[in-house]
Amino acid sequence: MRTSHPYEETPDLATVWLRVFLEVARHGSFTVAARTLGWTQSAVSRQISSLESALGGGPLFDRLPRGVALTEAGRALLPYAETVADALRGAARELADLREAAGGRLRFGAFATADAALVPQALAAFRARHPGVRVTREEGLSPALLDRLTTGHLDLAVVSTTGRAPLESYELHHLLDEALYVAVPAGHPLAAADAPVRLNRLADADWIAGSPRPEGTLLAAAVRQGFRPRVAHVVGEWTAKQGYVAAGLGVTLVPALAAASVRPDVALVPVCAEDAPPRAVYAASARGRSLTPAARAFVAALREAAAGLPA
């Protein structure tokens with residue numbers, strides 16, 4: 001009994017031969033197959049002869065007085081030829097879907113405050129236009145998301161320049177520049193300020209932050225202004241930070257992307273741009289890797305959403 005080796009050489013067959021073979025088998029006639037293909041009968045005959053030679057020389061059709069009929073070899077080949085043709089048609093459809101972002105997948109990540117308004121608006125528009133794309137999303141800090149890009153687990157990451165994330169190694173698609181606010185209780189003396197505040201006015205305040213150390217967070221701006229903020233409460237989740245501020249337990253920095261979701265008993269005061277320059281927000285992709293059509297379409301949706309956000 002003959003057994004095939006897993007690495008046995010694949011026959012070197014031209015797909016056009018299989019297409020001609022299937023047409024002749026379907027119609028039982030070289031003449032009709034030629035008419036269907038828009039070829040001459042002699043061209044069809046040559047293609048069948050080439051296929052027979054590539055498969056060892058045995059005939060695939062018996063030439064009859066009226067038309068042709070599959071030989072035993074032809075009948076054995078038929079299901080394989082149909083499978084190859086179906087697989088190639090399926091591949092062509094899938095590649096067309098990928099080109100049009102009508103299929104495939106999109107794996108992206110975003111930092112938390114981008115999820116407040118920017119990402120949901122972009123994702124809603126993207127899903128409406130490309131319902132066939134499978135979307136998965138992750139949330140994390142910019143450095144962690146960039147690591148996920150590097151390892152190929154994400155196609156795109158919405159990141160910011162907070163914490164001096166190492167962006168140099170990535171392709172960056174600029175989305176927006178966002179200012180910083182300081183969140184204070186509604187009754188705080190600064191709540192009625194009609195001009196941006198300097199950070200050093202809050203040097204003696206208790207601060208609410210996501211980390212006990214300001215380095216790598218929004219509070220790094222305070223360190224650059226010559227004072228080290230006193231972090232009284234470490235709170236990771238944004239809505240919880242608002243609760244601490246509203247209760248008078250401290251103040252916190254808020255990026256503009258999260259400003260729309262602030263609660264009414266918290267006031268936002270713009271920070272002087274000299275103290276805390278606007279941070280850039282990007283859609284990042286891995287350098288050297290082709291951006292998929294779905295990822296390109298999502299970048300476009302992110303830019304549209306960014307342009308539509310309140311100033």
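The structure is a predicted model, in which local features need pLDDT of at least 70 and side-chain atom pairs count only at pLDDT 80 or more, while totals for chains, interfaces and linings use all residues. Residues are numbered from 1 along each chain as its sequence is written, and side-chain values use heavy atoms, with hydrogens and water left out.

Helices (H or I, at least four residues) and strands (E, at least two) are DSSP runs numbered from the N terminus, and two strands pair if DSSP finds at least two bridges between them. Strands of a sheet pair through backbone hydrogen bonds, either parallel or antiparallel. Five strands make an open sheet with mixed pairing, in the order 4-3-5-12-6. Strand 4 (134-139) and strand 6 (170-178) stand at the edges with a single partner strand each, so one side of each has no neighbour in the sheet. On average, neighbouring strands of this sheet are turned by 20° against each other, direction ignored. Within the sheet, strand 3 (residues 105-110) pairs with strand 5 (residues 156-160) in the parallel sense over three bridges, and Phe108 stands opposite Leu156 in strand 5.

Another open sheet has three strands in the order 10-7-11, with antiparallel pairing. Here strand 10 and strand 11 (266-270) are at the edges, each with a single partner strand, so one side of each is left without a neighbour in the sheet. The twist averages 40° from one strand to the next. Strand 7 (residues 180-185) pairs with strand 10 over four bridges, where Leu180 has Pro255 as its bridge partner. Strand 7 also pairs with strand 11 over five bridges, and the bridge partner of Tyr181 in strand 11 is Pro270.

In a regular strand the side chains alternate between the two faces of the sheet. In strand 10 (residues 252-255) both faces are covered, as Thr252 and Val254 on one side and Leu253 and Pro255 on the other are all buried; buried means under 20% relative accessible area, exposed over 50%, and partly exposed in between, with a 1.4 Å probe and protein chains only.

| Helix 5 (residues 118-129) | Strand 3 | about 170° |

Helix 5 and helix 9 (residues 293-308) pack with their axes 8 Å apart, at an angle of about 130°. That makes helix 5 oblique to helix 9, since angles under 35 degrees count as roughly parallel, over 145 as roughly antiparallel, 65 to 115 as roughly perpendicular and the rest as oblique. Among the residues that make the contact are Val119 and Phe126 of helix 5 and Phe298 and Leu302 of helix 9, where contact means heavy atoms within 4.5 Å.

How accessible is Val119? Val119 counts as buried because its relative accessibility is 2%. Leaving aside neighbours within four places in sequence, Val119 is in contact with Phe108, Ala110, Ala114, Val158 and Leu302.

How values were computed. Axes fitted to C-alpha atoms, helices over the stretch in contact; angles between N-to-C directions.
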